[in-house]
Amino acid sequence: MMKTRDRILQCSLEMFSQYGHVKVSTVEIANALEISPGNLYYHFNGKDQLLTELFYEYEAAINKLMSFYEDDVQAFEDYWAYLNVYVGLIQQYSFFYRDMKVIFDGNKLLKRRFMRLVHNHHSFFLKMLTSLNENSEIKMTEAQQSSMADTICLIATNSLDTQLAEEDYDLKVITQRIVLRIIMLVEPYFSNKSKEKYLHEVELNPVEATSLFS
C-alpha cells in the first residue's frame, strides 16, 4: 500500500499537471485524497515544499532517462520512441514551465537548477539531431540543427494542448500530438531512406501516424 506521503506527491503531480499549480490549493489536494489538511501539513509544510519535492523527482527522472540514451537509441525508429518518452515526461511536469515565474521567482536555488534542466533539454535535442545527421537519417547544417533544437525545446515545454486540456486531460494524446509536430518539423530534412520508413508507417496507419514512435 502506498504511503500517505507518496500519495500526496502523486495526487499533487496529477492535479498540478492538469490544472496548473496556481489553481490548486493544498485543501483541494487533501479533499481529493480524502484526508484532512492537517494530515497533509504533517508531511509537507505547504505547496512550496510539494513543488520542491516534485521538482527533485522530475530532475532525477530526466537525468536517468538521458543516461539511457546511448544504449536505447540505435535504429531510426528508436529516436522517436525515445523522444515520445522524453516529451511525455516533460508534459507530466508541464506546470513548471507554465507557472515558472510564480514558482521560481522566490527560490533562486531551484531557479538555477530549473534553468540548467532547460539547457539540458536543448543539449539533448541537439544531440539527437546531430546523431541523426551523422547516421545520414537527416540532412542539416550545424546552424540548422541548433536552431531546430531551440524550436523543439519550445514546442516540448510550452504545449498549448496542455494549457487547454483541463477538463479532457489525456497525457498520452497530448504527448503524441507534440511528438507528431516535432516529426513534421524535422520531416523535410529526412534523407530519402528515412522518408520511405516514415511514409510507409503513415501508409499502414494513417489515423495514428505516430504509432511507430510511441
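This is a predicted model: local features need pLDDT of at least 70, side-chain atom pairs count only at pLDDT 80 or more; totals for chains, interfaces and linings use all residues.

Author: A residue counts as exposed when its relative accessible area is over 50%, as buried when that area is under 20%, and as partly exposed in between.

The loop between α2 and α3 contains E34. Its relative accessibility is 74%, and E34 is therefore exposed. E34 is not a glycine, yet its phi is positive, at about 60°. Most residues other than glycine have a negative phi.

Helix α2 itself, residues 26-33, has T26, I29, A30 and L33 as its buried residues. When α2 is viewed down its axis, these buried residues fall within an arc of 100°, and so they line one face of the helix. An α-helix has 3.6 residues a turn, so residues three or four places apart point the same way. The partners against which the buried residues of α2 pack are α1 (4-19), α3 (37-43) and α4.

With a relative accessibility of 42%, S136 counts as partly exposed, whereas E34 counts as exposed because its value is 74%.

Of its 214 residues, 43% count as buried. Among contacts with a separation of 6 or more, 70% are between residues 24 or more positions apart. The largest nonpolar core has 60 residues, and W80, F96 and F125 are those with the most contacts inside it. Helix α6 gives the most to this core, with nine residues.

The axes of α4 (residues 47-67) and α6 (residues 76-92) come within 10 Å of each other and cross at roughly 170°. Angles over 145 degrees count as roughly antiparallel, and α4 is therefore roughly antiparallel to α6. On the α4 side, the residues that meet α6 are Y58, A61, I62, L65 and M66; on the α6 side, they are Y82, V85, Y86, L89 and I90. By class, this contact of α4 with α6 has ten nonpolar residues, no polar ones and no charged ones.

I62 belongs to helix α4, and it counts as buried because its relative accessibility is 0%. Residues up to four places away in sequence aside, I62 touches Y86, L89, I90, L117 and H121. The pair I62 and Y86 are 24 residues apart in sequence, with their C-alpha atoms 7.6 Å apart in space.

Another neighbour of α6 is α9. The axes of α6 and α9 come within 11 Å and also cross at roughly 170°. This angle makes α6 roughly antiparallel to α9. From α6, the contact draws on F76, Y79, W80, Y82, L83, Y86 and I90; from α9, it draws on N120, H121, F124, F125, M128, S131 and L132. Its residues divide into eleven nonpolar, three polar and no charged.

W80, which takes part in the contact with α9, is found in helix α6. Its relative accessible area is 0%, and W80 is therefore buried. W80 and I182 are 102 residues apart along the chain, and 9.5 Å separates their C-alpha atoms.

F96 is named together with W80 and F125 for having the most contacts inside the largest nonpolar core. Apart from neighbours within four places in sequence, F96 is in contact with L51, L54, F55, Y58, I103, F104 and F114. Y58 from that list is also among the α4 residues that meet α6.

Helix α6 is roughly antiparallel to α4 and roughly antiparallel to α9. Y82, Y86 and I90 are among the α6 residues that meet α4, and Y82, Y86 and I90 are also among those that make the contact with α9.

Conventions
Residues are numbered from 1 along each chain as its sequence is written. Side-chain values use heavy atoms; hydrogens and water are left out. Axes are lines fitted to C-alpha atoms, for helices over the stretch in contact, and angles run from 0 to 180 degrees between N-to-C directions. Helices (H or I, at least four residues) and strands (E, at least two) are DSSP runs, numbered from the N terminus. Angles under 35 degrees count as roughly parallel, over 145 as roughly antiparallel, 65 to 115 as roughly perpendicular and the rest as oblique. Contact means heavy atoms within 4.5 Å. Ala, Val, Leu, Ile, Met, Phe, Trp, Tyr, Cys and Pro count as nonpolar, Asp, Glu, Lys and Arg as charged, and the others, Gly among them, as polar. A nonpolar core is a set of buried Ala, Val, Leu, Ile, Met, Phe, Trp, Tyr and Cys residues joined through side-chain atoms within 4.5 Å. Buried means under 20% relative accessible area, exposed over 50%, partly exposed in between (1.4 Å probe, protein chains only). The arc is that of the directions from the helix axis to the C-beta atoms.
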